[in-house]
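Below are some notes for a reader who has not seen this structure before. Please keep the sequence and model open while going through the points.

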Amino acid sequence: NSIYAVGLNDKKSTILAGGEKLNGLSLMADLSGTLYALADEGIYKINKNPEVKIKKDEEWSSVLGLSGFTGNLYLLTSGEIWKYSSGEEGFGSKQKWLKEKNDLSQALVMMIDSSIWILTKDGQILKFTRGAKDSFNLTGLTKPISGPVAFYTNADLKNLYLLDKGNSRVVVVNKSGEYQAEYLWSGLGEASDLLVNSDEGQIFLLAGGKIFTINLK
């Protein structure tokens, strides 16, 4: 039930928040430099004394993803993407972001740039723009995706980075779905999450309680 900050240069860690308030801590999102996290009672603003900013809602059902983008928090569930707009008094009531119903029960991870991207358990990536589903397919892969667990992109990256655990690799595709490159390492079979920092020129990987890095080509 704790959130740590780890320095990229000195590797030192500090606890940003923790304790019983964060029981059930499962997801975290950055919104304009402020961290928010999902726990048993709802979505908390993270500081030394975490406070609930959005109370748990029965309509959420199973929560699969949490992301922040341009002043809004987005919550991915098995049947909907809920949008919460922030204001001076906190967050407004939830709004349905999808224009039509989509089956999201196989979703694993959600990322946002100007569109919302969702990785599914069978290795597909779904793209939604302004609430509507876009056509998107992965092409040119050296082998099919096997055991996807995470992927990463943001508005500053031109590519998507997919952690293909079954093939011990990170697959890189552009935002049209075309294969660009892959990174192979036996330790990727134990990895559970990743992010990419283009300023540092590195892929950061969480595996077995440790953080590893791969230099971007």
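1. Start at Ile203, which, leaving out residues up to four places away in sequence, touches Tyr161, Val170, Tyr183, Leu194, Leu195, Val196, Phe212, Thr213, Ile214 and Leu216; a contact means heavy atoms within 4.5 Å.

2. Ile203 is among the residues with the most contacts inside the largest nonpolar core, of 29 residues, as are Phe151, Tyr161, Leu163, Val170, Leu194 and Leu205. Such a core is a set of buried Ala, Val, Leu, Ile, Met, Phe, Trp, Tyr and Cys residues joined through side-chain atoms within 4.5 Å. Buried means under 20% relative accessible area, with a 1.4 Å probe and protein chains only.

3. Elements giving two or more residues to this core include strand 16 (148-152), strand 17 (159-164), strand 20 (191-197) and strand 21 (202-207). Apart from this core lies another, of 14 residues, among them Leu76, Leu98, Met110 and Phe128.

4. The model is predicted: local features need pLDDT of at least 70 and side-chain atom pairs pLDDT 80 or more, while totals for chains, interfaces and linings use all residues. Residues are numbered from 1 along each chain as its sequence is written, and side-chain values use heavy atoms, leaving out hydrogens and water.

5. The protein chain has 22 strands and 0 helices, taken as DSSP runs (E, at least two residues, for strands; H or I, at least four, for helices) and numbered from the N terminus.

6. Of the 217 residues in the protein chain, 41% count as buried. The C-alpha trace spans about 50 × 45 × 25 Å along its principal axes.

Definitions and conventions: Buried means under 20% relative accessible area, exposed over 50%, partly exposed in between (1.4 Å probe, protein chains only).
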